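Here are some notes for a colleague who is meeting this structure for the first time. Please keep the sequence and the model in view while reading the points below.

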Amino acid sequence: VYSLGELARPENWFIPTLEELIEACKKTEGCDHFILEHLQLGWLASIEAQDEQTYSGFHQSTAKEAVARLWLALKKQ
């Protein structure tokens, strides 16, 4: 669960939808391509921005988990 800003009370938490996660990833500065694909072993999300590609990590069990992991990877940069 992600909360905006500092630690928040559980009643202020929200769980974003898949669409909200995708939009948040696509807002990355210089975003050229957003890819969400289902491979034989699981889901993969990636984004190409400014000639660099960031991945969600391979074989996530759901599309939402793949995009959420991609969002977290983008925030670490």
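1. Helix α1, made up of residues 18-26, lies across β1 and β2, and its direction is at about 140° to that of β1. The model is a predicted one, which should be kept in mind for each point that follows.

2. The other helix to look at is α2 (63-76), which lies across β1, β2 and β3 and runs at about 35° to β2.

3. The strands form an open sheet of three, in the order β1-β2-β3, with antiparallel pairing. Because β1 (31-39) and β3 each have a single partner strand, they stand at the edges, and one side of each is left without a neighbour in the sheet. On average, neighbouring strands of this sheet are turned by 20° against each other, direction ignored.

4. Between β2 and β3, the antiparallel pairing extends over four bridges, and Ile-47 has Thr-54 in β3 as its bridge partner.

5. The loop between β2 (42-49) and β3 (52-55) contains Asp-51, which has a positive phi of about 65° although it is not a glycine. Most residues other than glycine have a negative phi. Asp-51 is also exposed, at a relative accessible area of 73%.

6. In the loop between β3 and α2, His-59 likewise has a positive phi of about 65° without being a glycine, and it counts as partly exposed at 42% relative accessibility.

Technical notes
Residues numbered from 1 in each chain as written. Predicted model: local features only at pLDDT ≥ 70, side-chain atom pairs only at ≥ 80, totals over all residues. Heavy atoms only, no water. Helix = DSSP H or I, 4+ residues; strand = E, 2+ residues; numbered from the N terminus. Buried < 20%, exposed > 50% of the residue type's maximum accessible area, 1.4 Å probe, protein only. Pairing = 2+ DSSP bridges. Axes fitted to C-alpha atoms, helices over the stretch in contact; angles between N-to-C directions. Contact = heavy atoms within 4.5 Å.
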